[in-house]
Amino acid sequence: MASILQNLYARIAPEISIDLGTANTPVHVRGYGVRFVEPTMVAIDTDTGDIITVGEGARQMLGRTPRNITVIRPMRNGVISNYRYTEALMHALIDRALRGRTLIPPRLIVGVPGSATEVEKKAVREAALGAGAAQVYFVPQAIASAVGAGLPILEPRGSMILDIGGGTSEVAVISLGGVVVGRSLKLGGDRLDEAIASYMRNKRGFLIGERTAEALKISHGFYGCAQGRPATKIVGQDMRRLGPGTIEVTEEDVGAAIAEPIGQIVDDIRAVLEQTPPELARDVGERGLVLAGGGAGIAGLAETLAVVLGFPVRVAEEPLLCVARGAAEILRDRKLFDALFPPRQTLIGRWWRSIRTGMKESSSSSSR
């Protein structure tokens, strides 16, 4: 009876898939697709502790707030750093996803880093339940990203995925619905932004903010060969003049700044390949590596990796949305869901299974 009610609830309940990232949070709703992508930010009043706004509203305030207002990121390296503000963000995301109240509480699936501990998952679960979800499932970001990129993860063949998020990078070889070899590196787009800001400060004597560093990464970041884009002018704090100033930044500046952290990701890819069983390594060599996550958009990354690794590398379609779409597909596809979340055997189910086993054994004995 419980199983029947569970299946009925799964059919009629709203389904929300969230890629709760360090930098951005895409939200997918069954029947609507990816409804929105919000920055994972919360603006708070430090005097009272009240939450002023979340998401894009908070991002617009970044670096421009008075002393009594602070913009924080409640997620760091893919895990909760502040429970209260994460719950507030989850409330806002679920309300916006459902566009108001619903009579039936939603099923929620959340993509988490492969290195997430049970304590960290519990914090996310409690935040989601507090925000109104009835059921909460967790799926490793590498698995969800691979499904969202269209890789056949249930086949007995190796598929390789690299998901470069804001706070973490996940690299994994997947077969038969599980991660055979994988690594979760606490390095992502945020580290690239920090590297650019550090380069500008140390090499050019110029201070820039987080938003400016991110804009430079998107507009002039590359790995391998420069793309020939013209230099751009940015505004910031001139450390020599001790006042506001403007400087010209080239592709070479940005490429030099992010070369080291991207090199660490490449080292992790090689480490995973070294630990991959030979048969699966052959599959990866034939099928190649798929890039997902916001960092997949770095110019020249796929082409340079293909040369360095010696096998095909491609960027998934809309890489930023792979985890949210993949998690939604897992909830929708019963075969995928049962493979990743095997149903628990109830007491009645175990009893019926024992009876059927006994019947089969007696039947085989009589046939002898």
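Predicted model: local features only at pLDDT ≥ 70, side-chain atom pairs only at ≥ 80, totals over all residues.
**Exercise 1.** Describe the packing of H3 against H4 by angle, distance, handedness and residue class.

*Solution.* Start with the geometry: H3 (residues 83–98) and H4 (residues 118–130) pack at an angle of about 45°, and their axes are 8 Å apart. This angle makes H3 oblique to H4. The handedness of the H3 and H4 crossing is right-handed.

Then find the residues that meet. On H3 they are Tyr 83, Thr 86, Glu 87, Met 90, His 91 and Ile 94. On H4 they are Ala 123, Glu 126, Ala 127, Ala 128 and Gly 130. The classes in the contact of H3 with H4 are 6 nonpolar, 3 polar and 2 charged.

**Exercise 2.** Are H6 and H8 oblique or perpendicular to each other, and which residues of H6 meet H8?

*Solution.* H6 packs on H8 (residues 251–275) at an angle of about 135°, with 9 Å between the axes. H6 and H8 are therefore oblique to each other. Their crossing is right-handed.

From H6, the residues in contact are Arg 191, Leu 192, Ala 195, Ile 196, Tyr 199 and Arg 204. Their partners in H8 include Asp 253, Val 254, Pro 261 and Gln 264. By class, the contact of H6 with H8 has 10 nonpolar, 1 polar and 3 charged residues.

**Exercise 3.** What is the volume of the second largest pocket, and which element gives the largest share of its lining?

*Solution.* The volume of the second largest pocket is about 640 Å³. Its lining has 34 residues, and those nearest the centre are Asn 24, Gly 166, Gly 294, Gly 295 and Leu 320.

Now assign the lining to elements. Strand E2 (24–29), strand E11 (159–164), helix H6 (189–204) and helix H7 (210–220) each supply at least two residues. H6 gives the largest share, 4 residues. By class, the lining divides into 12 nonpolar, 14 polar and 8 charged residues.

Notes:
Residues numbered from 1 in each chain as written. Heavy atoms only, no water. 1 Å grid on protein atoms, 1.4 Å probe; cavity = no way out; pocket = protein on both sides within 12 Å on 5 of 7 lines; lining within 4 Å. Points joined across faces, edges and corners; volume = space filled by probe spheres on them. Nonpolar A, V, L, I, M, F, W, Y, C, P; charged D, E, K, R; others polar. Axes fitted to C-alpha atoms, helices over the stretch in contact; angles between N-to-C directions. Parallel < 35°, antiparallel > 145°, perpendicular 65-115°, else oblique. Left-handed = near helix turned anticlockwise from the far one by under 90°. Contact = heavy atoms within 4.5 Å.
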